[in-house]
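Hi everyone, thanks for coming. Have a look at the sequence and the structure on the screen, and then I'll walk you through a sheet and a few charged pairs.

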Amino acid sequence: MSAATSILSSGSEKLDAWTRRSQPKVEIDLTGQKPSRVNAYTTGESIEGIVTITAEHDTRFEEVEIVLEGRSRTTVERASCPGRTGSQQMFLKLRQPIEDIEYPTPRMLEGGRSYQFPFTFVVPDRLLPQVCSHTKNNTHVGRSHTMLPPTLGDPMLASDGKTLIDDMAPDMSQVAYIVRASLHQKRHDGQAAKSIAGVAKKVRIIPVVEEEPPVDFSGTSSLCMRKEKSVKRGTLRGTLGRLVAATSQPKPIQLLPPSCEPSDTVSTVTTVNLRFEPVGKETPPPLGTMTSKLRASTFYSASPWEDFPSGTGVPFSQVGRGLYTEAVHLSTMCVASAQWTKHTSDARRDSTTSSSSDSSSTGPSSTFTGDTYYTASVVIPITLPKQKTFIPTFHSCLISRTYSLELSLSYHTPAANIMTPTISLRVPVQFTSQNYTESIKSSLGLLVTQEEVDEFFNPRNVTSPTDFSGRDVSDVVIDLAPPGYSETIGVMAAR
């Protein structure tokens, strides 16, 4: 290396270092911000705050940009060859309008002086229609994909300020929201203004989610709301009778708004109906325990979902998709005191008639030909554990979250068994997010005026969000200006 080149290189490094030190400082202060916490919001609430910009020396600038962004990201392991594939989508981008009168004249930041720019974003309940422009099997999918998804898999501290939120999401899927503030400066070559300083702050959004119609699980083999099982006297022995367990999809579990105290609990109940059909004069088997688990399933894909995902069909890894499931134990309760009621039926029903009964009822089994049977009901309380964070059921273009309830009933037979016999059910359950009543809104000062709604839907405040990027999701750098829509799947080389 020549001496001239060495001096030039050294001078450039010093100049770059001096330039970095002298960049304006940008800060975001959210209203109601608590130290080390991430502010949480729901539908209709205002995300308010102030952006403060301070420069060490006089600095010319073009504009200050303040935006609320919502992004989703997925990564899927490939089955055909080593490596990963993935996508990301900017589904929300709201821009805070700043009038010329709010800027200094001329556009110059004076050294040692601070400038403040307030902002307000109202959390919407729906996204713009062009967010979901891919092919869909029905209109219900498009409606779900344009609902605002909740924050998922974005690392942040829980309400105790010590532990990270555990929403049972895999590292391969994430939904995140940020407030971003950037200071832009004109280029001398006439190109678009560049960002010379900026900062971003996370926010957590849990939108209001209303109850949807009951889930159609007819094509999902992993769900079972009715099951029949022969009750054996013991290993290699005769049959006592036929046991039927059935339940129906429980009422949705309503999550509390983000502003509720963590001490508040969320609970509901479900009922399992039992029917025992003896072979002769046998009595129903004594019941043991009822174990309940909640299974959270996160579906993610490198390409848009054309239909609501389910756990059946072609293995996800073969089509650029993934499924992550985590089960949470809820309770184990003794149900030995459940009372059986004896019934006698004069009219016999053949197996054809019996099998046509509703799958969620406790009608006759497929082999019932007698006239005596017993029934009982077990009520199971469902209380969510506080060490986990639950989000509403949702379906978006790249990510979905669903829940199912697993109920396992043990019973005893006359002869000893190596394993205690059980009969199990798995039913879908929806998670919704409660809405504030008008009285609660009024007391908390959270009422949204029509003017705020009109301002939110003003076209000048909304930038069309991106869809799916075809770049490497590990090294991608996202500009504020969103790229065009593309269904190309981003491919990652094997690490």
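Let me start with a definition: two strands pair if DSSP finds at least two bridges between them. Strands themselves are DSSP runs of E with at least two residues, numbered from the N terminus. Please keep in mind that this is a predicted model, where local features need pLDDT of at least 70, side-chain atom pairs count only at pLDDT 80 or more, and totals for chains, interfaces and linings use all residues. Residues are numbered from 1 along each chain as its sequence is written, and side-chain values use heavy atoms, leaving out hydrogens and water.

Now, which residue is the bridge partner of K342 in strand 18? That partner is Y374. Strand 17 and strand 18, residues 372-383, are antiparallel and share four bridges. Zooming out, they belong to an open sheet of five strands, in the order 11-12-14-18-17, with antiparallel pairing. Strand 11 (226-232) and strand 17 (341-344) are the edges, each pairing on one side only.

On to salt bridges, meaning a side-chain nitrogen of Lys or Arg within 4 Å of a carboxyl oxygen of Asp or Glu. The count is 15.

By contrast, E110 meets R113 at 3.8 Å, N to O; E110 is partly exposed at 41%, as is R113 at 44%.

Methods. Buried means under 20% relative accessible area, exposed over 50%, partly exposed in between (1.4 Å probe, protein chains only).
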